[in-house]
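Please look over the sequence and the structure shown here. The paragraphs below lead through the fold, the charged pairs, the aromatic side chains and some surface features.

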Amino acid sequence: MKIIWFSRHEPIPKQIAELKRLFGEEVEVVQDPNPFSGADDVVRRFRESGADEMVIVAPLTVIDQITKRGIQPLYAEMRLVENEPYYDVNVNGRKFVFERFTRIKRVIVEKEELE
């Protein structure tokens, strides 16, 4: 089993361990840190990689288009922590703890007009 990781941030050991728990010890996680131009670019690179799954960090509009192309990516849920001494990653001074992986099946955005 191969998983491609679309993010400029490398997966942390805790995330790799969870992917191994979910998909088996032989899972291979390959990072693709390169910027992408949109959903079509991501889908093309995913298919060319031969991966079975993808983890992606991207705007909701891109993830929405990926799901509309028949791919349901994995998403690493991270919780922002402020006054806790323990954290998994620090991104620009903001500290996060990895919670779990979920699968994005579709994106729904509910809007209302401003008057």
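What follows starts with the overall layout and then moves to single residues.

The model is predicted: local features are reported only at pLDDT of at least 70, side-chain atom pairs count only at pLDDT 80 or more, and totals for chains, interfaces and linings use all residues. Residues are numbered from 1 along each chain as its sequence is written, and side-chain values use heavy atoms, with hydrogens and water left out.

The secondary structure consists of 3 helices and 6 strands. Helices (H or I, at least four residues) and strands (E, at least two) are DSSP runs, numbered from the N terminus. Along the sequence, these elements follow the pattern β-α-β-α-β-α-β-β-β. Taken along the principal axes, the C-alpha atoms fill a box of roughly 45 × 40 × 25 Å. Of the 115 residues, 37% count as buried. Here buried means under 20% relative accessible area, exposed means over 50%, and partly exposed is in between (1.4 Å probe, protein chains only).

The charged pairs come next. Side chains of opposite charge can pair when their charged atoms come close. The structure holds 12 salt bridges, a salt bridge being a side-chain nitrogen of Lys or Arg within 4 Å of a carboxyl oxygen of Asp or Glu. One of these salt bridges joins the side chains of Asp32 and Arg45, with 2.8 Å from N to O. Asp32 lies in strand β2 (residues 28-32) and Arg45 in helix α2 (residues 39-49), so this pair ties together parts that are 13 residues apart in sequence. Asp32 and Arg45 are both buried.

Which residue forms a salt bridge with Asp64? The partner is Lys68, and the closest N and O atoms are 3.1 Å apart. Asp64 and Lys68 are 4 residues apart in helix α3 (residues 60-68) and therefore separated by about one helical turn. Asp64 is buried, with a relative accessible area of 14%, whereas Lys68 counts as exposed at 59% relative accessibility.

Arg79 and Glu84 also form a salt bridge, the closest N and O atoms being 3.3 Å apart. Arg79 counts as partly exposed at 33% relative accessibility, and Glu84 is partly exposed with a relative accessible area of 39%. Elsewhere, salt bridges that share partners join Asp32, Asp41, Arg44, Arg45 and Glu48 into one network.

A search of the whole structure finds 2 aromatic pairs. Rings of Phe, Tyr and Trp (its six-membered ring) pair if their centres lie within 6.5 Å; planes under 30 degrees apart count as stacked, over 60 as edge-to-face and the rest as tilted. Trp5 and Phe101 form an edge-to-face pair, with 6.2 Å centre to centre and 85° between the planes. This pair links distant parts of the chain: Trp5 is in strand β1 (residues 2-6) and Phe101 in strand β6, 96 residues apart. Trp5 and Phe101 are buried. Phe98 and Phe101 form a tilted pair, at 5.0 Å centre to centre and 55° between the planes. Phe98 is buried, as is Phe101. Trp5, Phe98 and Phe101 make up one aromatic cluster.

The backbone has a feature to check at Asn92. Most residues other than glycine have a negative phi. Asn92 has a positive phi of about 55° although it is not a glycine. Asn92 is found in the loop between β5 (89-91) and β6, and Asn92 is exposed, with a relative accessible area of 75%.

Finally, Val29 is placed in strand β2 and counts as partly exposed at 23% relative accessibility. Val29 and Val107 are 78 residues apart in sequence and 25 Å apart in space, C-alpha to C-alpha.
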